[in-house]
Amino acid sequence: MSEFSTEPFFEIARRLEIRGETGWVAVLTPATDSSASLDQLQTELQSVLQKPARVIQLETSTFEELREALHQPDGDAVILSGGTGLTLEKWRSLDIMRSALERKGPVILWLSPGDVAHLIEHAPNIRSFIGGSIFLAGPDRGIMTETERQERLKELSQHFGFSGAEAVRKAQARELPHEPEFVEWLVLLGRGDLL
Amino acid sequence: MRLERARELAAALDLKTDRELTALRLGPPNQVLTQIRAYLQRRSDEKATRNNPYELLRIRKENGFAVLLLGPTIDRGSSSQHFHLDSGARLSLGLTLREVERGSQVVSYRYHFVFPDGQSPQYLRFDLLDAPHADSLAEPRCHLHPGIDDVRIPFSVHNPIEILDRIFFVLERATHESK
């Protein structure tokens, strides 16, 4: 699967936003923590696209249920989740009903690596919707690295003229002011319990 | 006599702030990050001055707490870490959250808006302390610095996004129009 580019959810949502109302992409589920990642994707879509985002389970949806769910309403964002994997028969039937899947709002296929292979090999009609927009779920670059945390701690220590250990001692003695910078300092030290 | 009354009223205001904070429940920290980032991206898309909130806004979670940071903690002049506005103003912020079941609560915040060079006041800063100060009159828990470090004007508790509304749709608009 290395031929697919790795993109964080924010970038995937931005691509859909730039395309306008309609757009189809496929995202490979990460190997671990798939459920939490799906929640994060849903949140990112809602925030960036400024519209509701629903998750629909492909495995358990009948043809009629899927068609109705996609069109009532048809302007929100929909994540079609393949779950742990779909049968070849399911893929073939989905591909045949391609025109019934067309809708106004964006569609995101949330698929395991095996399902992406099935999509490519057995669902040419759906693949034509997606084109090259198949992505690996990438890490969120908004998460502060350990190096960045250390830089912040150093900045605080230099500005206030005492060490992190001293900040903890002052907090324990209730001598640390309640200003937001000191709150951030304690949390970055892992001592939010002192707040 | 009047000073005592002023202190009583200030203490009562801090109690009201505490009640409002207790009632203010946000989504989980990662959701708050996503919402603020998308908000800043929309504001950036609307402006001529380009910013990349995805690179600027950072989150760190430690032991049930989360800090969201944009720009330097201490403003020592314009930097590439700030969010820059068309008027020439710049913004940095810090937001601390406590994780609670299926969401988070606001612990403290600071939004530091620096006006373009030569403007008076030089900056406005919206602060929320994590606890009441012993002297609620001099230092209300939720306050605004009008460009003077030692002057703190009481301010009501706002959702983190609503403060950004005030910054972008009031402060920045007025600053830009006055140029």
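Me: Start with strand 3 and strand 4 of chain A: what makes them a pair?

Reply: Two strands pair if DSSP finds at least two bridges between them, and strand 3 and strand 4 (residues 77-81) of chain A have 5 bridges, in the parallel sense. Strands here are DSSP runs of E with at least two residues, helices are runs of H or I with at least four residues, and both are numbered from the N terminus. Bear in mind that this is a predicted model: local features need pLDDT of at least 70 and side-chain atom pairs count only at pLDDT 80 or more, while totals for chains, interfaces and linings use all residues. Residues are numbered from 1 along each chain as its sequence is written, and chains are lettered from A and ligands numbered from 1 in the order in which they are written.

Me: How do you know that strand 6 of chain A pairs with strand 1 of chain A, and with strand 2 of chain A?

Reply: Strand 1 and strand 6 (residues 134-137) of chain A share 3 bridges in the parallel sense, with Glu7(A) opposite Ala137(A). Strand 2 (residues 24-28) of chain A also has 3 bridges to strand 6 of chain A, again parallel, and there Leu28(A) stands opposite Leu136(A).

Me: What is the strand order of the open sheet in chain A, and what makes a strand an edge strand?

Reply: The open sheet has 6 strands in the order 1-6-2-5-4-3, with parallel pairing. Strand 1 (5-7) and strand 3 (53-57) of chain A are the edge strands, as each pairs on one side only. On average, neighbouring strands of this sheet are turned by 30° against each other, direction ignored.

Me: Why is helix 8 of chain A called oblique to helix 10 of chain A?

Reply: Their axes come within 10 Å and cross at roughly 135°. Angles under 35 degrees count as roughly parallel, over 145 as roughly antiparallel, 65 to 115 as roughly perpendicular and the rest as oblique, so helix 8 of chain A is oblique to helix 10 of chain A. The axes are lines fitted to C-alpha atoms, for helices over the stretch in contact, and the angles run from 0 to 180 degrees between N-to-C directions.

Me: Which residues make that contact between helix 8 and helix 10 of chain A?

Reply: Helix 8 of chain A brings Arg149(A), Arg152(A), Leu153(A) and Leu156(A), and helix 10 of chain A brings Glu181(A), Trp185(A) and Leu188(A). Contact means that the C-beta atoms, placed from the backbone, lie within 7 Å. By class there are 4 nonpolar, no polar and 3 charged residues. Nonpolar covers Ala, Val, Leu, Ile, Met, Phe, Trp, Tyr, Cys and Pro; charged covers Asp, Glu, Lys and Arg; the others, Gly among them, are polar.

Me: How many residues touch across chain A and chain B?

Reply: 28 residues of chain A are in contact with 32 residues of chain B. On the chain A side, helix 2 (34-49), helix 8 (146-160) and helix 10 (180-188) each give two or more residues, and that side divides into 10 nonpolar, 8 polar and 10 charged.

Me: What makes the bond from Gln72(A) to Pro73(A) cis?

Reply: Its omega is near 0°. Pro73(A) sits in the loop between helix 3 (63-71) and strand 4 of chain A. Ser120(B) and Pro121(B) are also joined by a cis peptide bond, with omega about 0°.

Methods
Two residues are in contact if their C-beta atoms, placed from the backbone, lie within 7 Å.
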